[in-house]
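Here is a short note to read beside the model. Please keep the structure open and find each residue as it is named.

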Amino acid sequence: CQPAQSKSSAQDAQGARETQAGGASLYVTLGVPQHWTWSAKSTDQQLNIAADVDITLPSVSQVPVATASMRKFTEEDLKATVRALFGEDAQFTLPESMTKEAIEAQIVLYDDAEARNKSSETPNEQELALYEKSRASYQTLRAETPFGAEAGELPLAFYDQIDTAGSLAPGFLGKTQQEGYDFLVTLKNETESPFGYYGETSYLYASMGAGGYCGYYGTTKSAPEGVSLTKEQAIEQAKAIAAQLTDELVFCYAAPVHGNETSGRAEGWACVFMRAVNGFPTAYVSQDVCSDLATDVPLAQSYERITIILDDLGVADFQWVNPMQLTAVTQENAQLLPFSDILAKVPDAFRARFDYDVSRAAEPLTATITGVSLGLLRIGASGGDSFTYEPVWSFFYRLGEAPDEAYYIGSANNMYDGYPEVSSAITLSALDGRVIDRNLGY
């Protein structure tokens, strides 16, 4: 991936450009400067936009377009992940939440919820149907599970679990240990939510969180505190792990994270991997589908990615979300709009993004472009059967003056699953210049 790049890494970027394999440089082909200084105004003159940044392009000569569909995790994905994270000899036990006693308690909860719903003045028939379906699934699980309160060893294989639609679906939920820490490994291939909150989704987690997920947050720190592992070392370790899982996702971005309250391992390096097509990488921005809390996206389906968090003891957290499979490369080398044509659309795209702020300001506001990247983005309405990987330009930004450092640290250090330097961007299709809404995914 090619996220926004600081001037300090300009030499690395130059080295990458010098090693491009064959074909004309994308800088020449697209008319893109290696360092870009620019200023513009929105059509209504109410927003000023300024840029003074290096532009880093992928070190390939051709820009593909491809189609893809979501796939489900397999038992081999599970076994490969466990081998890579915990070794060949990892042993698992069933979590307390899936013992007979816990399942029986869950059935009682559904009985109580159903009784409350039926006794209300306006019973919710959709919820009642979900309760009935979920209870039936739990009753099946209760009959299947051999484990009571003293859960025994659990084979590393798929077994029935209940998804959020109340259905039984093959997956895995097991507890193991590494370096004296408990990890919960969760694999689920979920059907779409019965209430439309999200579409079909698949995820594979290995987390120290008791509920199967551990909250790490982006931070403005230059490095995690109390961790001697360097960024470069973390990247190499993460690459070695990811290489055992797939050759279709490539290293994309690394950043310090903090916030794990489950154990003393509160800080680490997050290393992100996303898809590349014919060597052309994803345009990474940490904003995800439906990450705008003010706007719900029906049947939301997060972007495909692997995130590996490492500290001095090794892997602290692992997430693999929504694996995809390419169905076709529809264009080996797409015809892109010249960069000047893209820039002509940028001012009003920024004006639309900041309409609320600009409309209420007494004076024109200024947006500063802090970075620019070109890469692929999975595009398509959530809940659909197919998606397109399309080249896009991402313009990272800051509205107004740089915030007070204390305020910035306080707010940016609480960015859930986001990284301040690449938290959001205006995204335009490199094919036709249309604005892509990352919150919607198209």
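1. Phe-172 is buried, because its relative accessible area is 0%, and buried means under 20% relative accessible area, with exposed over 50% and partly exposed in between (1.4 Å probe, protein chains only). Phe-172 also forms an edge-to-face aromatic pair with Tyr-159, at 6.0 Å centre to centre and 75° between the planes. Rings of Phe, Tyr and Trp (its six-membered ring) pair if their centres lie within 6.5 Å; planes under 30 degrees apart count as stacked, over 60 as edge-to-face and the rest as tilted. The pair links distant parts of the chain, with Tyr-159 in strand β6 and Phe-172 in strand β7, 13 residues apart.

2. Please note the basis of these values: this is a predicted model, in which local features need pLDDT of at least 70, side-chain atom pairs count only at pLDDT 80 or more, and totals for chains, interfaces and linings use all residues. Residues are numbered from 1 along each chain as its sequence is written, and side-chain values use heavy atoms, with hydrogens and water left out.

3. The whole structure holds 17 aromatic pairs. One aromatic cluster is formed by Trp-36, Trp-38, Phe-339, Trp-393 and Phe-395.

4. Two rings have a charge over them, by this rule: NZ of Lys or CZ of Arg is within 6 Å of the ring centre and within 35 degrees of the ring normal. Arg-265 has its charged end over the ring of Tyr-181, 4.9 Å from the centre. Arg-378 lies over the face of Phe-387, 4.4 Å from the ring centre.

5. The protein chain has nine helices and 21 strands; helices (H or I, at least four residues) and strands (E, at least two) are DSSP runs, numbered from the N terminus. Of its 442 residues, 50% are buried.

6. Helix α5 covers residues 125-144, which is 20 residues, and reaches 29 Å from its first C-alpha to its last. That is close to the expected 28 Å, the expected span being 1.5 Å times one less than the number of residues. Its buried residues include Leu-130, Ser-134, Ser-137 and Leu-141. An α-helix has 3.6 residues a turn, so residues three or four places apart point the same way. The cover over the buried residues of α5 includes α4, β6 and β7.

7. Which residues touch the most other members of the largest nonpolar core? They are Tyr-284, Ile-308, Leu-310, Phe-318 and Tyr-419, in a core of 75 residues. A nonpolar core is a set of buried Ala, Val, Leu, Ile, Met, Phe, Trp, Tyr and Cys residues joined through side-chain atoms within 4.5 Å. A second, separate core of 45 residues includes Val-63, Val-358, Phe-395 and Ile-426.

8. Val-272 is found in strand β12 and is buried, because its relative accessible area is 1%. Its contacts (heavy atoms within 4.5 Å), leaving aside neighbours within four places in sequence, include Tyr-284 and Tyr-419.

9. Asn-439 lies in the segment after β21 and counts as buried, because its relative accessibility is 4%. Leaving aside neighbours within four places in sequence, Asn-439 is in contact with residues including Gln-287, Asp-288 and Val-297.
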